[in-house]
Amino acid sequence: MKQMLVLEQLWVLIRFILKPIVQISLDLTNIDEALETAAMAIRAGVDWLEAGTPLILAEGLYGVKKLHEAFPEIPLVADLKTMDGGYLEAEMMAKSGATHVVVMARAHIETIKCVVKAGLDFGIKIMGDNLGCTNKIEAAKWLEELGCDYVIHHIGYDERRGIAAAGKRMPSPLDQLKEVVKAVKIPVQAVGGLTLEQAILCPSYGAPLVVLGAPLTIDADAFKTADGNLEASLRLICNKIHSYGEVTAHS
């Protein structure tokens with residue numbers, strides 16, 4: 001019992017020393033463009049690369065392999081959005097160089113378990129995505145209970161646009177981000193329609209993993225350089241996010 005208490009106290013301490021991580025989502029359909037964008041992003045201070053779903057659809061495992069070969073020391077997220085065949089898909093991505101893979105909360109429990117097991121077997125981290133879940137807070141808890149290492153709190157593209165088209169307010173990941181962060185002990189990432197300014201604010205919500213989309217559209221006046229240099233603008237954004245220092249995951 002005493003050992004369990006010490007471990008719990010240690011985990012609480014670890015939760016409070018998270019540092020912001022900047023991840024660039026390479027939602028491109030051409031590996032050459034993705035490699036060029038990735039190189040620019042890393043020079044600017046980005047910490048993680050993401051082989052976005054469009055890139056995986058266009059280039060498959062080849063795209064993941066090329067990114068890993070070009071940047072072998074940089075964590076690489078494969079956003080395959082796994083719904084079935086969990087173990088095999090995670091294994092294939094891991095053997096191609098991915099360090100993180102994404103499984104959907106809407107997948108069957110056995111699929112999530114298979115992805116988590118593959119993560120243990122191949123030494124990669126599992127990110128559970130609550131996209132499309134009616135109760136995203138409960139979905140985040142569910143993903144943590146099943147062994148995921150991270151939660152992606154995600155409002156989908158079609159979800160946002162469809163709700164707005166029906167004349168209702170477009171939802172944002174920030175609407176429930178604090179509640180999701182409070183509900184779990186693992187790091188949270190917010191994704192879906194965030195402006196640059198909103199993405200930069202995520203660490204203040206207790207969510208240390210910040211995703212920036214690419215192709216990048218730098219339209220925030222506060223983060224434009226005088227000459228419109230994209231790399232310099234991205235460097236300003238990375239510096240701002242990293243300046244949070246240690247992020248408190250829970251209040």
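My entries on the strand and the helix follow.

**Ground rules.** I am working from a predicted model, where local features need pLDDT of at least 70, side-chain atom pairs count only at pLDDT 80 or more, and totals for chains, interfaces and linings use all residues. Residues are numbered from 1 along each chain as its sequence is written, and side-chain values use heavy atoms, with hydrogens and water left out.

**Strand E5.** I took helices (H or I, at least four residues) and strands (E, at least two) as DSSP runs, numbered from the N terminus. E5 covers residues 125-129, and four of its five residues are buried (under 20% relative accessible area, 1.4 Å probe, protein chains only).

I looked up its partners, counting strands as paired if DSSP finds at least two bridges between them. E4 (residues 100-104) pairs with E5 in the parallel sense over five bridges, with Val-102 opposite Met-127. E6 (residues 150-154) also runs parallel to E5, over three bridges, and here Met-127 faces Tyr-150.

**Helix H2.** I noted several buried residues here, among them Ile-31, Leu-35 and Met-40. At the start of H2, a side-chain oxygen of Asn-30 comes within 2.8 Å of the backbone nitrogen of Asp-32. Just after H2, I found Gly-45 with a positive phi of about 115°.

Technical notes:
Buried < 20%, exposed > 50% of the residue type's maximum accessible area, 1.4 Å probe, protein only. Polar contact = N/O pair within 3.5 Å; in protein donor to acceptor, adjacent residues only side chain to side chain.
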